Amino acid sequence: MAAPNVANTATLTLKVSKGTIGTSMATAVNNAASSNLAIKIISLYVANVDGTNAADVTVSVFDQDDVGGTGTAIASTVSIPADSTVVIIDENSPIYLEEDMSLGVQASVAGDLVYVASYQEINDA
């Protein structure tokens, strides 16, 4: 199916994804093939829960679901200071995922960074 027509939205479902970021690229937001959805990522916050050391985060958009295919970095090895939060995506600059696309996150140190992503599932059916 082609990407849904967001001007003709039948349903709009608000969602949240959250988790701890590891040292391997992992899916933060996924839009499966044949989902009949467009996903609008409204915000992505990354927090460093380590009280002493900074850690780096990389965030990429992938051209296949489950961080498959080719990833394009939207934030590359961004340093997150200890006990700090950085906004990677906000409502003024959202990212859209068509079907069979995903957003991945990766940290320089396992367990030091966590993320919260807010997004909308848009369906024109």
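**Figure 1. Surface and overall build of the chain.** The chain exposes about 6,100 Å², an accessible area from the Shrake-Rupley method with a 1.4 Å probe, where for residues only the protein chains shown count as cover. Carbon and sulfur atoms supply 46% of this surface. The model is predicted: local features need pLDDT of at least 70, side-chain atom pairs count only at pLDDT 80 or more, and totals for chains, interfaces and linings use all residues. Residues are numbered from 1 along each chain as its sequence is written, and side-chain values use heavy atoms, with hydrogens and water left out. The chain holds 0 helices and 9 strands (DSSP runs numbered from the N terminus: helices are H or I with at least four residues, strands E with at least two). The radius of gyration is 15 Å, close to the 14 Å of the globule rule for 125 residues, so the chain is as compact as a globular protein of that length. That radius is taken over C-alpha atoms, and the rule is 2.2 Å times the number of residues to the power 0.38. Along its principal axes, the C-alpha trace spans about 50 × 25 × 20 Å. Of the 125 residues, 38% are buried (buried is under 20% relative accessible area, exposed over 50%, partly exposed in between; 1.4 Å probe, protein chains only).

**Figure 2. The open sheet β2-β8-β4-β5.** Four strands make up this open sheet, and their pairing is antiparallel. Two strands count as paired if DSSP finds at least two bridges between them. Strands β2 and β5 stand at the edges with a single partner strand each, so one side of each has no neighbour in the sheet. Neighbouring strands are turned by 20° against each other on average, direction ignored. The axes behind this angle are lines fitted to C-alpha atoms, for helices over the stretch in contact, and angles run from 0 to 180 degrees between N-to-C directions.

**Figure 3. Strand β8 and its partners.** Of the 7 residues of β8, 6 are buried, so the strand is largely enclosed by the rest of the structure. Antiparallel β2 is joined to β8 by 5 bridges. Asn30 has Ser102 as its bridge partner in β8. Strand β4 also runs antiparallel to β8, with 6 bridges between them. Across from Val57 stands Ala107 of β8. Thr58 faces Gln106 of β8.

**Figure 4. Ser60 in strand β4.** Ser60 lies in β4. Its relative accessibility is 5%, which counts as buried. Not counting residues up to four places away in sequence, Ser60 touches Met25, Gly71, Thr72, Ala73, Ile74, Ser102, Leu103 and Gly104.

**Figure 5. The largest nonpolar core and Leu113.** This core has 24 residues. A nonpolar core is a set of buried Ala, Val, Leu, Ile, Met, Phe, Trp, Tyr and Cys residues joined through side-chain atoms within 4.5 Å. Ile21, Val29, Ile41, Leu97, Leu103, Leu113 and Tyr115 have the most contacts inside it. Two or more residues come from each of β2 (26-31), β3 (38-48), β4 (55-64), β5 (68-80), β7 (95-97), β8 (101-107) and β9 (113-123). Leaving aside neighbours within four places in sequence, Leu113 is in contact with Gly19, Thr20, Ile21, Val46, Ala47, Asn48, Ala55, Asp56, Val57, Ile80 and Ala107.

**Figure 6. Two aspartates with positive phi.** Most residues other than glycine have a negative phi. Asp66 has a positive phi of about 55°. This residue sits in the loop between β4 and β5. Asp66 is partly exposed, at a relative accessible area of 48%. Asp83 also has a positive phi of about 55°. Its place is the loop between β5 and β6 (85-89). Asp83 counts as exposed, with 56% relative accessibility.

**Figure 7. Ala110 in the loop between β8 and β9.** Ala110 belongs to the loop that links these strands. Ala110 and Ala55 are 55 residues apart in sequence, yet 9.2 Å apart in space, C-alpha to C-alpha. With neighbours within four places in sequence left aside, Ala110 is in contact with Ile21, Gly22 and Thr23.

How values were computed: Contact = heavy atoms within 4.5 Å.
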